[in-house]
Amino acid sequence: MLIIIPLKTSKQYDIRAPLATWVDSSNPYITSEHVRDDLVRLSSLRNCLTAGSICTAYAHSAAIGARGMEDCMEYHACLLEAEKRGFPTVDDAMVGAKELKISWNCAFGEEEPIVRSNVRYERACVLFDVASLQSFMGATEDISTKEGRSKATKMFGMAATTFGHLRRELMDGECRDENPSADLSSPALRMCEHINLAQGQYCAYEAATNRPTQLHGLLGKIAAATADLYGSALEYSQDPILKARLPDTSKSYGAHLKTMSIYFRAKAEYHQSQVCKAGHSYAEEIARLRFVQSCCDDALKYQSETSVLASSTGAIRTTGQGVALARDIDHLRRFVSGRKDAVEKENREIYMEVIIDHKDLEEIVPANMMAEEKLPPLDRRLDPHSLARPIFNTIPRI
């Protein structure tokens, strides 16, 4: 049950003419004729994306098949070079491209598109789609295989890196847009970033469970970190900005993230109960098993809510079916319930240990496999130095 983050979309629009007008009016030594081929190239890249590969919010498969990822990265690199050559980065009547009217739909579809007249906002929208495509590539890997889990973890890490870069360097940076679309707001980008961190950690947990020997102590730590990351994504999904501007998204994503956070908290406690069992700490085992059972009950409730919201609003799409997740949660609950009843009976008749309240137990120390220092760097193809054919070389850098 991995979330598919939607794409931002835009209508086909010829940016060549308004940018040519801006070049003619802003530089006394360079005319639009000097950069005509570069402007045509920029406009062609944009139209390949907006009128072709990225035409709907969930056109990920088609986009990847039509080299949409490569086009997004090349377009981003060209836009970044344009910024370095002095093209407008803010909507300013004195220095901006007044005739440029760039409009992108909110990825989550609950707002009317906003219009901007600068290349930095265009670059931010393209970078969002790069991250969304990276995340989709992770979500559609076969994580039942070792190779698939490795690839998925890498792609989720790259998506988290890209969302983080977009937030820090563009949307929260020096030339930040004071009123971006809701999907480019800080809480939305943080939510997307932490969704990818959580899903990468999920893959790390799956990898650990497929080892020849079940190391319950380690599995508990990895599961605890997964629960924490889903919990952080949940917190951002409930930010007042998202609840006000993206209410359906906030509710649907919130229910799913709550389900996953509680479910992995239950998994962490289950694995720790196995450690207790091996160490003959029966009172602690019982306390943890009781907590697991309670978590599973809550997770099933929120999973049911997610299914209702997904069908009624269409605000969230995931890989797999909700019924499969509910089945997995229920399976864990039944298994734990059986063991709990057995060990409670043994404790009453044999061990007679005093049952500890769960809140008084030692917390499970999380093992975060998606910590910042472990994430892959930003894809180098997003940088102008990666361009096989340079752009705007006739305009000096600022």
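At what distance from the ring centre of F264 does K267 lie over the face of that ring? The legends below, which all refer to a predicted model, take up this contact together with other aromatic pairs and the pockets.

**View 1. A lysine over the face of F264, beside an aromatic cluster.** K267 lies over the face of F264, at 5.8 Å from the ring centre. The ring of F264 belongs to one aromatic cluster, whose other members are Y202, Y205, Y230 and Y263. In the structure as a whole there are 10 aromatic pairs.

**View 2. The edge-to-face pair of F128 and F163.** With ring centres 5.3 Å apart and planes at 80°, F128 and F163 form a pair that is therefore edge-to-face. Because F128 lies in helix 5 (residues 119-139) and F163 in helix 6 (residues 146-171), the pair ties together parts that are 35 residues apart in sequence. F128 is buried, as is F163.

**View 3. An arginine over the ring of Y58.** The charged end of R317 sits over the ring of Y58, at 4.0 Å from the centre of that ring.

**View 4. The largest pocket.** This pocket has a volume of about 320 Å³, and of the 14 residues that line it, the closest to its centre are Y205, T209, Y263, K267 and H271. At least two residues of the lining come from each of helix 7 (186-209), helix 10 (247-278) and helix 12 (322-351). By class, the lining of the largest pocket divides into 5 nonpolar, 6 polar and 3 charged residues.

**View 5. The second largest pocket.** About 240 Å³ of space lies in the second largest pocket, and among the residues that line it are K146, R149, S150, T153, R211 and M369. Helix 6, helix 7 and helix 8 (216-237) each supply at least two residues of this lining, with helix 6 giving the most, 4 residues. The lining of the second largest pocket comprises 6 nonpolar, 3 polar and 3 charged residues.

How values were computed: Residues numbered from 1 in each chain as written. Predicted model: local features only at pLDDT ≥ 70, side-chain atom pairs only at ≥ 80, totals over all residues. Heavy atoms only, no water. Phe/Tyr/Trp six-rings, centres within 6.5 Å; stacked < 30°, edge-to-face > 60°. Buried < 20%, exposed > 50% of the residue type's maximum accessible area, 1.4 Å probe, protein only. Lys NZ or Arg CZ within 6 Å of the ring centre and 35° of its normal. 1 Å grid on protein atoms, 1.4 Å probe; cavity = no way out; pocket = protein on both sides within 12 Å on 5 of 7 lines; lining within 4 Å. Points joined across faces, edges and corners; volume = space filled by probe spheres on them. Nonpolar A, V, L, I, M, F, W, Y, C, P; charged D, E, K, R; others polar.
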